[in-house]
Amino acid sequence: MTSVRQDEPVRPTKRDEVAAAGSELIGGPFGRHALFGTHWLTPVRVIALVAIGMFALGMVQKLPCYNGGWFFGATSQYTHACYSDIPHLYSGRGFADGLIPYFDRLPGDMEYLEYPVLTGVFMEVASWMTPHSGDLQFREQVYWLVNAGMLMICAAVIAVCVTRTHRRRPWDGLLVALAPAFALTATINWDLLAIALTAAGMLMWARSRPLGAGVLIGLATAAKLYPVLLLGPLLVLCWRAGAWRAYGKAVAGAVASWLVVNLPVMITHDATGFHIREGWAKFYVFSQQRPIDFGSVWLLISQRTGAALENANTYATLLMILGCGAIGVLTLYAPRRPRFAQLAFLVVALFILTNKVYSPQYVLWLTPLAVLARPRWRDFLIWQACEVMYFLGIWMYLAYTGNGDKHQGLPPEGYQLAIALHLLGTLYLCALVVRDILMPERDVVRRDGDDDPSGGVLDRSPDAFVLGRAYHPPRHAVHFEKAPRVRWGVARD
């Protein structure tokens with residue numbers, strides 16, 4: 001039960017002081033007589049257009065590299081902060097020569113494409129739309145443009161899905177659309193495909209369609225490994241709510257869709273029987289054997305101590321297991337069942353923070369989850385500022401190390417500070433989400449009368465299994481007098 005209408009949209013300019021201040025650029029906050037839904041420019045359409053516009057600005061930022069930085073000069077692509085894997089891997093992974101990913105062996109040390117199958121399909125489709133004759137530089141430019149166009153569609157899908165996931169908070173999608181780190185890193189790699197599928201899967205779960213959600217999460221996992229992590233939070237949440245049937249449908253859908261995509265590439269047959277194809281396994285072998293790399297806490301420790309950290313895989317795995325256990329305990333002990341988006345953000349952030357590499361484009365993985373978990377402009381922009389600083393820091397560091405004795409750029413000490421900054425920024429957001437879980441009255445989503453708008457079948461469901469005490473009114477936290485009173489954990493009418 002709540003004292004507010006459940007279909008009344010939340011106005012961020014009335015709830016968020018940063019949003020209210022920013023709205024002055026377009027005429028100020030919504031007034032009492034403002035009408036919603038009476039113009040063709042609905043929130044979904046506005047946010048989709050803003051996302052496309054910001055993506056286009058990110059493409060413009062890559063112009064110095066497009067015009068020569070990718071092709072001439074040892075460090076030009078770093079000093080202009082416009083590096084992208086896409087043009088380099090067009091020729092480096094055999095697409096320029098018409099080689100088929102996972103089936104044809106590549107010349108050089110990287111024998112096969114080191115990406116999951118659905119991402120490889122995405123890359124191959126883009127190569128089909130790229131001219132196969134003419135100057136290689138021109139073909140790499142076209143390949144980047146084709147990929148950018150396809151990734152722009154993914155960016156729009158992400159913004160729309162986030163906008164529609166929380167029905168009463170459509171304007172939260174503007175955080176995704178306007179995120180500066182999102183625009184800067186969108187075309188570094190092919191991550192947006194998996195993120196779009198993940199966002200669509202979370203939207204399907206929010207609409208109480210667990211089978212469809214599972215299918216999309218399985219497809220996302222076929223494009224990037226991290227989306228499978230979302231099944232972990234769903235397991236603990238469904239355990240607490242007793243929603244085993246919905247969870248079973250989601251897992252079945254995920255397994256089925258992942259197998260449909262992977263089996264044709266995974267299995268090969270010869271006179272001795274069936275085997276796992278070496279090209280398909282390359283991604284998993286490469287991920288296991290990859291040394292510690294840019295942006296990670298392990299690189300920071302290694303550079304500061306001079307130790308090689310050869311057991312980083314073991315350390316990262318142990319920390320991930322311990323962290324997931326802590327998230328599980330938090331879920332079962334929390335005074336109110338956490339929202340799905342909160343746990344999804346925490347588990348993906350944990351994976352990134354403990355990983356051997358924290359690439360600048362990994363901010364894309366967290367952006368839609370952060371918006372759904374903690375839709376607060378101030379905190380979101382603080383985190384984004386940390387990520388933008390790291391984005392600039394890594395390229396300046398590569399410029400420093402790549403121009404010989406000139407050492408023009410950011411020295412190792414400066415780069416270590418940049419790593420620490422973006423690690424702390426992510427930890428800051430994690431701490432706020434954990435606080436919201438332990439003190440539900442501080443959760444900006446629940447303060448407006450909702451329970452778990454991203455939870456689907458979990459939304460307003462009673463608890464079936466709890467390790468801690470049942471929900472009780474907070475006695476030690478700040479009370480929000482203007483917040484609507486909500487009875488948590490009651491069954492639907």
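Colleague: How many salt bridges does the count come to, and by what rule?
Modeller: The count comes to 18 salt bridges, where a salt bridge is a side-chain nitrogen of Lys or Arg within 4 Å of a carboxyl oxygen of Asp or Glu. This is a predicted model, in which local features need pLDDT of at least 70 and side-chain atom pairs count only at pLDDT 80 or more, while totals for chains, interfaces and linings use all residues. Residues are numbered from 1 along each chain as its sequence is written, and side-chain values use heavy atoms, with hydrogens and water left out.

Colleague: What makes Lys224 and Asp191 a salt bridge?
Modeller: Their closest N and O atoms are 3.6 Å apart, and the limit is 4 Å, so the pair qualifies. The pair links distant parts of the chain, 33 residues apart: Lys224 is in the loop between α12 (210-221) and α13 (231-241), and Asp191 is in helix α11 (residues 191-206). Helices here are DSSP runs of H or I with at least four residues, strands are runs of E with at least two, and both are numbered from the N terminus.

Colleague: Which other salt bridge links distant parts of the chain?
Modeller: One is Asp463 with Arg336, with the closest N and O atoms 3.6 Å apart. Asp463 lies in the segment after α21 (412-438) and Arg336 in the loop between α17 (312-333) and α18 (340-354), 127 residues apart. Both residues also belong to a network of salt bridges that includes Arg240, Arg337, Arg446 and Asp451.

Colleague: Why is Arg336 called buried?
Modeller: Its relative accessible area is 2%, and buried means under 20%, exposed over 50%, partly exposed in between (1.4 Å probe, protein chains only). Asp463 has 30%, so Asp463 is partly exposed.

Colleague: How are Asp379 and Arg378 classed, buried or partly exposed?
Modeller: Asp379 is buried because its relative accessible area is 0%, whereas Arg378 is partly exposed because its value is 39%. Their side chains meet in a salt bridge, at 3.0 Å from N to O.

Colleague: What makes β1 and β2 a pair?
Modeller: Two strands pair if DSSP finds at least two bridges between them. Strand β1 (residues 267-270) and strand β2 (residues 273-276) have four bridges, in the antiparallel sense, so they meet the criterion. A hairpin joins β1 to β2 through two residues, and Asp270 stands opposite Gly273 in β2.
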